[in-house]
Amino acid sequence: MNAVAEGLGQIADPFVLLCILIGSLVGMLVGAFPGITATMSVALASSFTLTMDPIPGIAVLLTIYVAANFGDRIPAILVNTPGTPASIATTFDGYPMAKKGLAGVALTTSAFASAIGTLCGLILLVFAAVPLAKVALKFGPAEMFALVVFGLTMMVGVSGGKIGKGLIAGALGLALASVGRDPITGTDRFTFGQVELSDGIPFIAAIIGLFGIADVFDQMLTHRPETFTAIKNFGRWWPNRAEVKQMVKPTAVGVGVGSVVGIVPAAGGDIAGIMSWAAAKKASKTPEEFGKGSLEGLTASDTASNATLGPSVTTTLALGIPGDSVMAVLIGSLIVWGIQPGPALFTTRPDMVYTIAGIMAIATVLTLALSLLRLRGVTKLLELKPAFLWTVIIVFCMVGTFAVNNSVFDVGIMLVFGLVGLFLRRNGFPAGPVVLGLILGKLAEGNLRRSLEIGGIENILTSPIAMSILIFSVLAITVPPLLARRKARRLARTTVSV
């Protein structure tokens, strides 16, 4: 009980509450602009928050994370363009509803569904994080190595069907993680005489380059003048009683799907939203309306994509494995602040889970209130020229990267990773596995080498837990392509028979 009181007491600081307010405003704006992802904004914000105390800094980052998953529904509904990948499924029914003159109802429904999903996900965080960490505390080096491998393979396994390219991207991340001091002996390696690389590749510079600069460069190369006009006929704002009843079943479906998907490392809101939309369609009495402006479809997808937030944080804090790319950025910031995510966190900082859950709960309620203000002016923001945003983002990326260590070298690293990220995007390689490999590489190597020193390869092969996790890791990579091939063969047979 002392941990609960201490954790929630840290949020009562007026400065922390101010940080939550700022994060909510920034996150809403970030989500509302297509092309500016939550990962990009959190990565950029992390460079400015590292000079702050941990709790206010965490408040800013987590609130941006939460609020961006509200704001991204605005362009998805009004212009049929997801603000972030998590709102892809929102476009399935949100935009058709807006075209029917129900944009106001769609926005209000989306806001409440997002809030319910987030709050339900936080319940899982509060009740599951500590027991999960207690189990993981019993893990030795062999089990921790297997767990890290599982986290890496899950990121690869959800790389949009590009498992081969995901593996290559993950291998690149692991190779980059080997730069710096050896985790066992402490000797420098692959630094090429650069003192700045002794502690490894600057993490903040790398992620800002991969997610910020690369995004901007890619948009510059692919941008075409848009001819769309945001829908401005909002109609009524509040769903009627019959529509509220319609929302009950898909909300339950969304919470269930989002909670399960969110607990799996690297499976984010985009996957949960699409899976929940499909599940709600099967459970609906009117499946023919899905994709044509179904309130059930919109509710299910938005509830599920936001229900992943709490479980994603649970995986990150309890196991030290990022639940998604935003959590990968957060882990980097926590390590800089001297907070090591993982099973031991709840031994050294038992209050942290309640502090984080409290921050996210307040952010959810505050962002819900902002979402219901009927901000008609947001349509003007959606018409803002991309060139203006590109300039602002690049300037902030450079300033933020330099501010971390007052190092021009870091800015150069950021630009290099921007070009690397651009190459990856243009050639269909996911950036997520690179970041995950960069973060978890040293952890994987250190635990593997300790395990081998303790008892050789038998130490891993004779551990039931380690072998079970490694088997799941192999299945995560091999099963999806096999299922895809099987589905393609069935489709081919059906086409031939017809």
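Let's start with Leu21, which sits in helix 2, residues 14-32; helices here are DSSP runs of H or I, at least four residues, and strands are E runs of at least two, numbered from the N terminus. Quick housekeeping: this is a predicted model, where local features need pLDDT of at least 70, side-chain atom pairs count only at pLDDT 80 or more, and totals for chains, interfaces and linings use all residues. Residues are numbered from 1 along each chain as its sequence is written, and side-chain values use heavy atoms, with hydrogens and water left out.

Back to Leu21: it counts as partly exposed, because its relative accessibility is 34% (buried is under 20%, exposed over 50%, partly exposed in between, with a 1.4 Å probe and protein chains only).

Now, salt bridges, meaning a side-chain nitrogen of Lys or Arg within 4 Å of a carboxyl oxygen of Asp or Glu. How many turn up in the whole structure? Six. In one of them, Asp182 meets Arg449 at 2.8 Å, N to O. That pair links distant parts of the chain, 267 residues apart: Asp182 is in the loop between strand 1 (180-181) and strand 2 (188-189), and Arg449 is in helix 21. Asp182 counts as buried, at 11% relative accessibility, while Arg449 is partly exposed at 24%.

Arg449 also bridges to Glu445, at 2.9 Å, N to O. Those two are four residues apart in helix 21, so about one helical turn separates them. Through shared partners, Asp182, Arg189, Glu445 and Arg449 end up in one salt-bridge network.
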